[in-house]
Amino acid sequence: MSYHNCPQLQQKHSSKYRRKVMAGQLFALIIGIDRYQSGGIWNLHSATMDARAVEHWLVHDLQVPRGHVCTLLNSQATKRAIEDKFMDHLVNNPLIESGDALIIYFAGHGSSIGAPPGWFDRGRGDVPVLCPYDYDTKLRTGRTNAGISDRSLHAMLQDLAQPKERRYVRYTPTRKATSEDLLAGLWRSAIPQKAEPVARRGFTGSNPDSHVVLAACGAGWVATERRDGGNFTRALLHFKDSRPLHKVTYSDLPHDLAPYMGDHQYAACAGLHTDRILFDGVPFALDPRFVSTTVQDEDNLRIDAGAIHGVSVGTEFTLHPHNHRGSLNAPFGVVMAKEVFATWCIASRNAPGKDVLCGGWARITRWNNPTSFRVMARHSLFHFCRRSRLVRKIPSKAKDVAHKGGVAIVRTRWAGDADLILSLRRGGLMAERRDPLISATCSRTVPIPSAETRTDVRAVEAAACFHMHLYRTNPPRPFAGLLRMELFRLDPATWMRVSGNLLVKGHTQLVDDEKSSIYAVVLHNHSDVDLWPYLAYMDAGGYNISMVHHPDPACAVPPLRRHSRMVIGSGSTESEALSFALADGATRGAGFLKLFVSTVYTPMCILEQGTAPSFVQHSFVDQAHRSPGWDAQGDTMLWDTLLASVTVSRTFA
């Protein structure tokens, strides 16, 4: 969740490091046309529905940012508009970098036009075209709109595949009258004079190295639709709900979709890289919510999450076959932690089962935090029904809390007992925070955008999980007085320090001067052991938790050496500086820097919630690459925490 009055923490990288740490992104141009401008073209029934369904799949299931998806429906999808959006949203988009996945989806009519002389190396034949909304209508030039030919589409995609520094494409509509409408409408780089071999005819007739074409059918087949969607799109969306996609290649899809499409239509794909994973695997990135498991014996699993992550006896996990986002990952079992160590735990089934436990991946479904997060919902005359639905979702008795998933949350009637007091408003909630840490350094009230009970509950769960991780400590405090954290302002140009230590007694007050100020964190280890450090930023306004520094598990030794220090934000190629900036319109915000340390490596991205920054790399280690000390006995592993609050205010001229 991300709300408007919180300081946004960003990371600044040296130029060599920037692309190394940025995760791949996905951008899409989606086109769906049911109704055509020309009265001579019969309308379709499901093209716009298919386009919206694909958009929903990308945004909601694959978690593609909505701003990365451009959708054109019906009259929005003229030939000129499609070409303009292709340029603006894809070719000239400054957010797109090498390694990103780019998708163009078209649902609508296709047609064919007689080829002009010289189009093919022999014979005439027909040229297949995609039909935009204004297909077969008169243009201002007097020509007839001939749509987007296969040659134009391939040329567009080849232009798009060029590295940014080599993209000299500048789109201008063809205005010169020619003898053929098809030639007049060609994409600028389609080279109309070049004769094309007969074998390369059609959208799937060639094998370009710049892109992969996945089509509803190949040459000689007819794409069909039903009331519930186009045959191809309906099959694809059913398939993604029945099979994991993170191992499916483009070349697999025609065969895999065949049972869903019937005998009258067969999907086709073309390109030199059809052996690649769908969408180049970009939306199927590793999911940090999953941790690895190994079999201890027939009744017990070792799960790589322990006390440092918030696991306690009674924490419940679901078991899964893989740890990829956006790919079907149904649970095949449930286990509960019965022994908890610093960085791992032993878990077994709640009840005896017939199936033998196997290794794989686990996800926490119930934290079993010992102290429940207490919530009060104020009465509201204007939102009576919505409040009633909300309070029914939050138990008021301890015995009911034990049967709920997630973090333990209990409803209270008394404001004095509450950690969070909610007042319902139109379009959102007003949250009053009563816990001492947040109320002492952060704004006591914060608006939370929410329009329905489902998002109300998510907001409460996010606040409860944030509260749990904020207050968690290791009671023995093995490194009390032996760890220290400092914060320094850096010169954005030279990355040299321009201030003294800004952290005083665990707190700092920063000013957002809109001058792109950056900061370095210095960690001091005065203990006699080497440590693995993990630095999280906890956004008190939005209840987001992001790991802003996570060590590389491949390191031979822990990076925070005994009686030494470590700099986060040194200007080297693998050290990121921090930048705190207020959102537009906000005058004050606050958050926390929380340091976790351990004597053995453990993945800590499981703590993340909310909008995860793209600069965080999620590292998972298999048995063969575990760091020294990973398999140490539970009583020899140590962990601890250190907390600092950060307040940011805006200056005015």
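Me: How many of the 10 residues of helix α6 are buried?
Reply: This is a predicted model, in which local features need pLDDT of at least 70, side-chain atom pairs count only at pLDDT 80 or more, and totals for chains, interfaces and linings use all residues. Residues are numbered from 1 along each chain as its sequence is written, and side-chain values use heavy atoms, without hydrogens and water. Buried means under 20% relative accessible area, exposed over 50%, partly exposed in between (1.4 Å probe, protein chains only). Helix α6 (residues 231–240) is mostly covered, and its buried count is 9 of 10.

Me: What is the strand order in the open sheet of 3 strands?
Reply: Two strands pair if DSSP finds at least two bridges between them. The pairing here is parallel. The order is β3-β2-β4.

Me: Which residue of β4 is the bridge partner of F27?
Reply: Strand β2 (residues 26–32) pairs with β4 in the parallel sense, over 7 bridges. In β4, the partner of F27 is L102.

Me: At about what angle to β2 does helix α3 run?
Reply: Axes are lines fitted to C-alpha atoms, for helices over the stretch in contact (heavy atoms within 4.5 Å). Angles run from 0 to 180 degrees between N-to-C directions. Helix α2 (residues 47–61) lies across β2, β3 and β4, at about 165 degrees to β2. Helix α3 (residues 79–91) packs on the sheet, touching β2, β3 and β4, and its direction makes with that of β2 an angle of about 170 degrees.

Me: Is S149 buried or exposed?
Reply: S149 lies in strand β7 (residues 148–149). S149 sits 6.3 Å from L130, C-alpha to C-alpha, across 19 residues of sequence. Its relative accessibility is 1%, so S149 counts as buried.

Me: What percentage of the 653 residues in the protein is buried?
Reply: The secondary structure comes to 11 helices and 31 strands. Residues 24 or more positions apart account for 73% of the contacts with a separation of 6 or more. Buried residues make up 52%.

Conventions
Helix = DSSP H or I, 4+ residues; strand = E, 2+ residues; numbered from the N terminus.
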